[in-house]
Amino acid sequence: MKRVFSGVQPTSQIHIGNYIGAIKRFVELQNDMDCFFCIVDLHSVTVPQDPKELYENSLQLAALYMAVGLDPSKVTLFIQSHVPAHAELSWLLQCNSYMGELNRMTQFKEKSLGKDTVTTGLFTYPILMAADILLYDTHYVPVGNDQKQHLELCRDIAIRFNNKYGESFVIPEPLIAKFGARIMSLDDATKKMSKSNENKHSKINLLDSPSKIKKSIMKAVTDSESEVRFDVENKPGVSNLMTIYNVLSGMSLDEIEGKYKGMGYGTFKKDLVEVVVSALEPIQSRYEEILKSGEVEKVLKEGSQRANEVSNKILDRVKKKMGFVTF
Ligand code: AMP
Ligand code: TRP
């Protein structure tokens, strides 16, 4: 069975960009692959976090993973900091990667822009991500488009390591959807929908109420025309809303264009509210049930046990290759 690994940071709320670009796809993979889905708390602390919020967000993300349909009897769900091998392999890989390649990472440039101080952790973040992936002999990594460069770096590091020390790592491949891998901000369709955007109407969170969803969609930027047509270059706002409509309803872009011909944006947006609310409603009610059931802790404990077993073997293999004494 092929292996899959992916991670989401337990920072703030999870939005429909995260869902469409990544988490929804995790659910689709769980029946055919041996999947490891991680709550990457060590990545979160590369920027300041309130300890109480980090704690709550980590457990909430676990409940949300299950609420969207990830089945703990099929997939391994765990918290990154519960598996020390991630931090250890990250160090070993740091000693086999270069400042120059990290300097090229666009996400580091974006996240550090205008900051007075930046942690070294933010700089080496992509190497921790490479360690996450390589520790599980991962074949496929489902992610949104913004992680493409990090995946390329991971592959480069793995190939270089294999050339230097002999076959040590499986070379992973990104699974980036052709469609929906970059959901844009509702208030500015030239920027990706992002957790860190302070305008709450720039995004729809998975736990948003129907009235908040309605407000955000009705406010979403479109253009001065009135035609519901998919044209990313000339109509980025409308095309973004159509993408969300398409992925959450299953209706094709052609069908959507046909349905709203001559009707303007008002009706289209009102229907999109319905589509989003009915996609999120079952997730939200399952989420509440899961939190109440108290099963999150048990699932995470079992998940970390399996993750530790699998990753320790691979870490051991790598340390032997590098010449560390192991007994
Ligand atoms: P993060 O919240 O940064 O940990 O992201 C979790 C996953 O969501 C990653 O696979 C990202 O690539 C994906 N993602 C984040 N923002 C978006 C977006 N606006 N559109 C599509 N995928 C996204
Ligand atoms: N860097 C990813 C993000 O911000 C999260 C992440 C950490 C990840 N480790 C990973 C994704 C390993 C895929 C595989 O979205």
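Which elements each supply at least two residues of the shell around ligand 2? The legends below take this up for a predicted model.

**View 1. Elements around ligand 2.** Strand β1 (3-8) and helix α7 (120-134) each supply at least two residues of the shell. Helix α7 gives the most, with 4 residues. The shell counts 13 residues. By class, 7 are nonpolar, 5 are polar and 1 is charged.

**View 2. Polar contacts of ligand 2.** Gln9, Tyr125, Met129, Asp132 and Gln147 come nearest to ligand 2. A polar side-chain atom of Tyr125 sits 2.7 Å from a nitrogen atom of the ligand. For Asp132, a side-chain N or O atom is also 2.7 Å from a nitrogen atom of ligand 2. In Gln147, a side-chain N or O atom lies 3.1 Å from a ligand nitrogen. On its own, ligand 2 has 360 Å² of accessible area, and the protein covers 90% of it.

**View 3. The shell around ligand 1.** Here 17 residues surround the ligand. Helix α1 (residues 16-29) gives the most to this shell, with 4 residues. By class, the shell has 6 nonpolar, 8 polar and 3 charged residues.

**View 4. Polar contacts of ligand 1.** The closest residues are Gln9, Gly144, Asp146, Ile183 and Lys195. A side-chain N or O atom of Asp146 is 2.4 Å from an oxygen atom of ligand 1. Lys195 places a polar side-chain atom 2.6 Å from a ligand oxygen. Ile183 uses its backbone: a polar atom there is 2.8 Å from a nitrogen atom of ligand 1. Taken alone, ligand 1 exposes 490 Å², and the protein buries 92% of that.

Key:
Residues are numbered from 1 along each chain as its sequence is written. Chains are lettered from A and ligands numbered from 1 in the order in which they are written. This is a predicted model: local features need pLDDT of at least 70, side-chain atom pairs count only at pLDDT 80 or more; totals for chains, interfaces and linings use all residues. Side-chain values use heavy atoms; hydrogens and water are left out. A residue is near a molecule or strand if one of its heavy atoms lies within 4 Å of it. A polar contact is a pair of N or O atoms within 3.5 Å; within protein, one must be able to donate a hydrogen and the other to accept it, and residues adjacent in sequence count only if both atoms are side-chain atoms. Accessible areas come from the Shrake-Rupley method with a 1.4 Å probe; for residues, only the protein chains shown count as cover. Ala, Val, Leu, Ile, Met, Phe, Trp, Tyr, Cys and Pro count as nonpolar, Asp, Glu, Lys and Arg as charged, and the others, Gly among them, as polar.
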